[in-house]
Amino acid sequence: MKSYQLHLARDRRDLFAQLSPAVWCETGILRTWVVADPALVTRIMRHPSTVISDLAEAVRTVRTKFAIELPNIDFACSVLPVLVSDDVHPDIRRGFATFLSGRLVELNAELPGMVGASLAPLARRGQVDIMASVIRPLMRRLFSIFLKADMPEDFLSLHVIEILSFKAMVGHLKSLDARIGRALSFLRATSADEREVGWKFICLVFGLDSVTMMLAEGIVAALREFESGRTDAVKLPDFPVETGVPVSHRRAKSDFEIDGHKFAAGDWIRLQMQSLGYSPAPDDRKFIFGAGAHSCLGKQVSLRIWDAFRQEFDSLNLRARLIDYSIFPSHYIIYHDSIQLEVF
């Protein structure tokens, strides 16, 4: 199995447990380290010699070489906390945190009713696609609160989170620029404040796909626990096991060494974030939302959604089996096509 397939493997929890070594170097266009040791993942995220790659520089190179304009990606590079320069980064995080706290007030009032309505299809016996009938409808309602407007259904397939994959291929960037443009056109039509447009866009990039994946994979993991006979009903864990973004990247800005592993300046480091959720150490598991300067700004909101969803879901005392699990191929993220189950 290729390293870029690890996060999609159906038996990935066992697969990660059996990796030996859990850190290795792959040679290719770029020298790349794959890190699936949870303790080392957190240390690298915090290490002063690692940085998130500069996408803006890569975009400038592509734009010059191929004479194309990517204005919407340029906008994203100017507002997303992980892409802006160090001096702007704290201001953007503070502004977004203030915006998010205001949205959380409205979310808290609406969340119980939203979650209860979304889970209604699981209260009946028979087959159900939880993506189509449960999770996607809930995501539209949730993110309509964050965007302060009814979110269009096609936003569920925009996948603007792909800007974090740092792919500098022309075809990918053109497609991504068009999808970001679709999002920004809607956001600007519903807000005259360009700063607020940026904050809403941050919600879409960091929240929409990641919360979708967190809930979907949580249910799948709970179904497999039930089918194995380890639980009497399908129950979600107190804390999410699967991170919505299973892979993160860093670049070594200078030579450094950890536990005998020697990273050279310019090395690409692929962090397998799922290993944190599978770790037997509770301290590792809490870092599925990241660590250091680029830890997830929306962690508390995600956990608020998780807690409300888990409580309502567990109250169903669901007994069901997984019939079909269909995902789209991706080197970085889990995109679900459908998750069919039978409730009995």
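Predicted model: local features only at pLDDT ≥ 70, side-chain atom pairs only at ≥ 80, totals over all residues.
1. Ile29 counts as exposed, with a relative accessibility of 88%. You will find Ile29 in the loop that links β1 to β2 (32-35).

2. Now the overall build. Eleven helices and ten strands make up the secondary structure of the chain. A compact globule of 344 residues would have a radius of gyration near 20 Å, and the chain has 20 Å, so the two agree. Along the principal axes, the C-alpha trace spans about 55 × 55 × 35 Å.

3. How much of the chain is buried? Of the 344 residues, 54% are. The contacts tell a related story: among those with a separation of 6 or more, 69% are between residues 24 or more positions apart. The accessible surface comes to about 15,400 Å², and carbon and sulfur atoms contribute 51% of that. As for charge, there are 41 positive and 41 negative side chains, and the centres of the two sets lie 0 Å apart.

4. Helix α7 deserves a look. This helix covers residues 170-190, and its 21 residues reach 30 Å from the first C-alpha to the last, close to the 30 Å expected at 1.5 Å a residue. Its buried residues include Leu173, Leu176, Ile180, Ala183, Leu184 and Leu187.

5. Val301, Leu303, Ile305, Trp306, Phe309 and Phe313 are among its buried residues, and so are Arg310 and Asp314. The buried residues of α11 pack against α5 (89-118), α6 and α8.

6. Glu196 is a residue I would point out in helix α8. Is this glutamate buried or exposed? Its relative accessible area is 15%, and buried means under 20%, so Glu196 counts as buried. Leaving aside neighbours within four places in sequence, Glu196 is in contact with Phe99, Lys148 and Ser191.

7. Next, some backbone details. Most residues other than glycine have a negative phi, and most peptide bonds are trans. Against that background, the bond joining Ser20 and Pro21 is cis, with omega about 0°. Pro21 sits in the loop between α1 (12-18) and β1 (23-26).

8. Two residues other than glycine have a positive phi worth checking on your display. His159 has phi near 50° and belongs to the loop between α6 and α7. With a relative accessible area of 17%, His159 is buried. Asn317 also has phi near 50°, and its place is the loop between α11 and β9 (320-328). Asn317 counts as partly exposed, at 48% relative accessibility.

9. Arg141 belongs to helix α6 and is partly exposed, with a relative accessible area of 40%. Which residues does Arg141 touch, not counting those up to four places away in sequence? They are Gly113, Met114 and Ala117. Arg141 and Ser338 are 197 residues apart along the chain, and their C-alpha atoms are separated by 19 Å.

10. One last pair to look up. Ala39 lies in helix α2, which runs over residues 38-46, and is partly exposed, with a relative accessible area of 38%. Ala39 and Ser275 are 236 residues apart along the chain, while their C-alpha atoms are separated by 9.2 Å.

Definitions and conventions: Residues numbered from 1 in each chain as written. Heavy atoms only, no water. Helix = DSSP H or I, 4+ residues; strand = E, 2+ residues; numbered from the N terminus. Rg over C-alpha atoms; globule rule 2.2 N^0.38 Å. Buried < 20%, exposed > 50% of the residue type's maximum accessible area, 1.4 Å probe, protein only. Contact = heavy atoms within 4.5 Å. Areas by Shrake-Rupley, 256 points an atom, 1.4 Å probe, with all protein chains shown as cover. Lys, Arg positive; Asp, Glu negative; His and termini not counted. Charge placed at Lys NZ, Arg CZ, Asp CG, Glu CD. Expected span 1.5 Å × (residues − 1).
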